[in-house]
Amino acid sequence: MNPALENSCIPQHISIRHLGAKECVTGSCHLVQYESAAGQSVNILVDCGLTYGDDPEIPFTEFPVSLNEIDYLFLTHAHIDHIGRVPDLIDAGFSGEIICSHATKALLLPMLHDAMSFSGRSDREIHKLENAIDDLSWGFELRQTFNLKEGVTFWLGNAGHILGSCFILFNFPNNSSNNDFKILFSGDLGCTNTPILPDPDPPPECDLMILESTYGDRTHPDRSKRIEQLKELLKKALTDKGIVYIPAFALGRTQELLYELDRINLRIPVFVDSPLALKITDIYAKLSSFWDEEAKELLLKGDHPFDFKGLYSVKSYRDHKQLLEIKGPAIMIAGSGMCTGGRILDHLEQGLQEPRNDIFFVGYQAEGTLGRKLIEGEIPVRAAIHTLNSYSAHADQQMLIDWVASMPKPPKEIRLVHGEVGARRELAEKLNLVWI
Ligand SMILES: [Zn+2]
């Protein structure tokens, strides 16, 4: 259950349903329905993501609105657990506008192309869907107000989670009074001091906040020391000339790692064994106007933040197969981030039982995924397993509390989503929310 579901402040002409990531962290999908004074309805979907591991997925047939009646699909960012069902949504009848930031728009098709290539669709079907997604989707500026139907407006703020990630403020006119109703969706909220990305914008005033709570019960280690920690751990792990495997999301985490490995300069070969991660890194490199000041300065000085001596790109499957035979020391970055598929599986199969090898987990591992099972010791392995919590792309408990506290005025209601039960419960306590 979510806190504060009863006694909600939501007026009668608006309804919100959490169709995904309500009580878990993957499969984000929320529906807002608004009815104007003239009796016209506006249906807005916020994210439409895939689920991982044991997280539940609601079939489109059980959505409370038919898909062709959805006017807008907002995408907070381009991670697959927020956008992965978009092709299916279009196949099933959605033809509304897709709204996101400019950088998300640039990342959308490469991410979905990769996801679709594993969906059993033919090249022709994929091509058709890509054209449809391209035609329907629009990139918008951050920190500006734009109009939707029936007087509804939206505003996007920088969420600092990955390039292009945003939180969304909707303003719904009130039928009977001058008091508009404002709903803020946090999307995935990033940490302060994340490499490459500017810190999250402070949240504007709202009536209802839909807040992510992935790490609502955790405190990340001091991020300012994380480069040194990574360096020390890598040095230790590589003294026995083993291989360090880093399962990493192609989007976001891989670029952060490359940025920091460039700073560390260990003079050990680093392989990025993921065509998608390489493609995304190219897009990150082109979108330098969205970087933070530190990354921009490096570029100005002639040090490209994602490129260094000893970095090898592994695109073809043949090269990937050859790479499996390589001897350490080496650092291997491959997807998927939760070890649910992708080239990392071949690497782990090859190297998990070698005691000289190490696996560094640098991202959230959902319940039921291979990554989670390895961390929890459910699968006996001889390689050493490390979890680097300071690499989270999600704000921790204190950052979430500080973000809420930085609002000009507290919201009337906060709903916690995108978190497992323990995380939501603890954050609810800290934020003094009613837990039902
Ligand atoms: Zn995300």
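These legends describe close-up views of one predicted model.

**View 1. Confidence across the predicted model.**
The protein averages a pLDDT of 92. A pLDDT of at least 70 is reached by 98% of the residues. Residues 1-6 are another matter: their pLDDT is below 50. This stretch still has 17 contacts in the model beyond near neighbours in sequence. Where pLDDT is low, predicted coordinates should not be read in detail.

The protein is divided into domain 1 and domain 2. Domain 1 takes in residues 14-218 + 394-430, and domain 2 covers 223-391. Their C-alpha centres lie 28 Å apart. Across the boundary, 27 residues of domain 1 are in contact with 28 residues of domain 2. What kinds of residue make up the domain 1 side? The side of domain 1 that touches domain 2 has 15 nonpolar, eight polar and four charged residues.

**View 2. The open sheet with parallel pairing.**
Six strands form this open sheet, in the order β14-β13-β15-β12-β16-β17. Their pairing is parallel. Which strands sit at the edges? They are β14 (311-313) and β17 (384-387), and each pairs on one side only. Neighbouring strands are turned by 20° against each other on average, direction ignored. Look at the β17 end. Strand β16 (residues 358-361) pairs with β17 over four bridges, in the parallel sense. Here aspartate 358 stands opposite alanine 384 of β17.

**View 3. A helix lying across strands, and two cis peptide bonds.**
Helix α10 (residues 344-351) lies across β12 (243-247) and β15 (330-334). The helix runs at about 145° to β12. Now follow the chain on either side of β15. A cis peptide bond joins glycine 328 and proline 329, with omega about 0°. Proline 329 belongs to the loop between α9 (317-323) and β15. Another cis peptide bond runs from glycine 335 to serine 336, with omega near 10°. Serine 336 lies in the loop between β15 and α10.

**View 4. The open sheet with mixed pairing.**
This open sheet also has six strands, ordered β7-β8-β9-β10-β11-β18. The pairing is mixed. Strands of a sheet pair through backbone hydrogen bonds, either parallel or antiparallel. The edge strands are β7 (145-147) and β18 (413-417), each with pairing on one side only. On average, neighbouring strands are turned by 20° against each other, direction ignored. Strands β8 (residues 153-158) and β9 (residues 166-172) run antiparallel. Six bridges join them.

**View 5. A positive phi in a loop.**
Find isoleucine 196 in the loop between β10 (181-185) and β11 (208-212). Its phi is near 75°. That is a positive value in a residue other than glycine.

**View 6. Helix α3 against helix α7.**
Helix α3 (residues 102-117) packs on helix α7 (residues 275-286). Their axes are 10 Å apart, at an angle of about 175°. That angle makes α3 roughly antiparallel to α7. From α3, the contact uses Ala106, Leu107, Pro110 and Asp114. From α7 come Leu276, Lys279, Ile280 and Ile283. By class, six of the contact residues are nonpolar, none are polar and two are charged.

**View 7. Helix α6 against helix α7.**
The axes of α6 and α7 come within 9 Å and cross at roughly 70°. The two helices are therefore roughly perpendicular. Helix α6 supplies Thr254, Gln255 and Leu258. Helix α7 supplies Ala277, Ile280, Thr281 and Tyr284. The contact has four nonpolar, three polar and no charged residues.

**View 8. Helix α5 against helix α6.**
Helix α5 (residues 226-238) and helix α6 (residues 253-264) pack with their axes 10 Å apart. Ile227, Leu230 and Lys231 of α5 meet Glu260, Arg263 and Ile264 of α6. This contact has three nonpolar, no polar and three charged residues.

Key:
Residues are numbered from 1 along each chain as its sequence is written. This is a predicted model: local features need pLDDT of at least 70, side-chain atom pairs count only at pLDDT 80 or more; totals for chains, interfaces and linings use all residues. pLDDT is the predictor's confidence in each residue, from 0 to 100. Two residues are in contact if their C-beta atoms, placed from the backbone, lie within 7 Å. Axes are lines fitted to C-alpha atoms, for helices over the stretch in contact, and angles run from 0 to 180 degrees between N-to-C directions. Angles under 35 degrees count as roughly parallel, over 145 as roughly antiparallel, 65 to 115 as roughly perpendicular and the rest as oblique. Ala, Val, Leu, Ile, Met, Phe, Trp, Tyr, Cys and Pro count as nonpolar, Asp, Glu, Lys and Arg as charged, and the others, Gly among them, as polar. Domain bounds come from an automatic or database domain assignment. Two strands pair if DSSP finds at least two bridges between them.
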